[in-house]
Amino acid sequence: MSIPFEPVNEGKPGSPAADDDAFTRLALFGATGQIGAAILCALLEPSFGGYEPHVKVFLRDETFSDKAESVRKHPRVELVKADFDNVQDMADKLKGTEAVVSALNGPGIPAQDRILDAAAQAGELSLGLLSL
């Protein structure tokens, strides 16, 4: 049995453009890596119209000046300098976001637990973690 393919149409029920529950304020950790950069690109250039999320890109305090230049510049991108070892600092900076996506890998993986704690402390957020 095959399921017919139907492209997403702008305004069609169930498409993000028509979905009142679509996340419009996101936090992204790991945006300077390959996967994180691809996620950021997909958020800024979705394959359907009408979806324009604001993305807070979280960068570590100690690497902010080096990594900030590598993040794509866009009016809907906000660079956030944060201490990934400080749950309260991240929680404060996560306020106002609806969802957190983490594409951290390698040395960033230990921060995943603190990001989870910060998201819980910041309020009702959805969380997506990618372990790479």
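The lining of the largest pocket has nine nonpolar, eight polar and two charged residues. In that count, Ala, Val, Leu, Ile, Met, Phe, Trp, Tyr, Cys and Pro are nonpolar, Asp, Glu, Lys and Arg are charged, and the others, Gly among them, are polar. A pocket here is found on a 1 Å grid over the protein atoms alone: it is an open set of points where a 1.4 Å probe fits, with protein on both sides within 12 Å along at least five of seven lines, and lining residues have an atom within 4 Å of a point.

Before going further, some ground rules. This is a predicted model, in which local features need pLDDT of at least 70 and side-chain atom pairs count only at pLDDT 80 or more, while totals for chains, interfaces and linings use all residues. Residues are numbered from 1 along each chain as its sequence is written, and side-chain values use heavy atoms, with hydrogens and water left out.

Confidence next. pLDDT is the predictor's confidence in each residue, from 0 to 100. The mean pLDDT of the protein is 83, and 80% of its residues reach 70 or more. Over residues 1-10 the pLDDT is below 50, and this stretch has nine contacts in the model beyond near neighbours in sequence; a contact means heavy atoms within 4.5 Å. Residues 12-18 also have pLDDT below 50, with 15 contacts beyond near neighbours in sequence. Where pLDDT is low, the predicted coordinates should not be read in detail.

Now the overall layout. The protein has four helices and five strands, which follow one another along the sequence as β-α-β-α-β-α-β-α-β. Both kinds of element are DSSP runs numbered from the N terminus: helices are H or I with at least four residues, strands are E with at least two. Of the 132 residues, 36% are buried, meaning under 20% relative accessible area with a 1.4 Å probe, protein chains only. Among contacts between residues at least 6 apart in sequence, 64% join residues at least 24 apart.

Back to the pocket. About 340 Å³ of space lies in it; that volume is the space filled by probe spheres set on the grid points, which are joined across faces, edges and corners. The lining comprises 19 residues, and Gly30, Thr32, Lys67, Leu104 and Asn105 lie nearest the centre. Helix α1 (34-44) and strand β2 each supply at least two of the lining residues.

Next, helix α3. In this helix, residues 87-94, the buried residues are Asp89, Met90, Ala91 and Leu94. They pack against β1 (25-29), β2 (54-60), β3 (77-82), β4 (99-102) and α4 (111-122). At the start of α3, a side-chain oxygen of Asn86 comes to within 3.0 Å of the backbone nitrogen of Gln88. Just after the helix, Gly96 has a positive phi of about 95°.

Is Thr97 buried or exposed? Thr97 counts as buried because its relative accessibility is 8%. A polar atom of its side chain lies 2.5 Å from the backbone oxygen of Leu94. Leaving aside residues up to four places away in sequence, Thr97 touches Arg25, Leu26, Ala27, Lys56 and Leu125.

Strand β4 contains Ser102. Ser102 is buried, since its relative accessible area is 0%. Its side chain makes a polar contact with the side chain of Gln112 at 2.6 Å; a polar contact is a pair of N or O atoms within 3.5 Å, where within protein one must be able to donate a hydrogen and the other to accept it, and residues adjacent in sequence count only if both atoms are side-chain atoms. The side chain of Ser102 also reaches the backbone nitrogen of Leu104 at 3.5 Å.

Last, Arg76, in the loop between α2 (64-67) and β3. Arg76 is buried, because its relative accessible area is 15%. What does the side chain of Arg76 reach? It reaches the backbone oxygen of Pro53, at 2.8 Å. Arg76 and His54 are 22 residues apart in sequence, with their C-alpha atoms 4.7 Å apart in space.

Technical notes:
Buried < 20%, exposed > 50% of the residue type's maximum accessible area, 1.4 Å probe, protein only.
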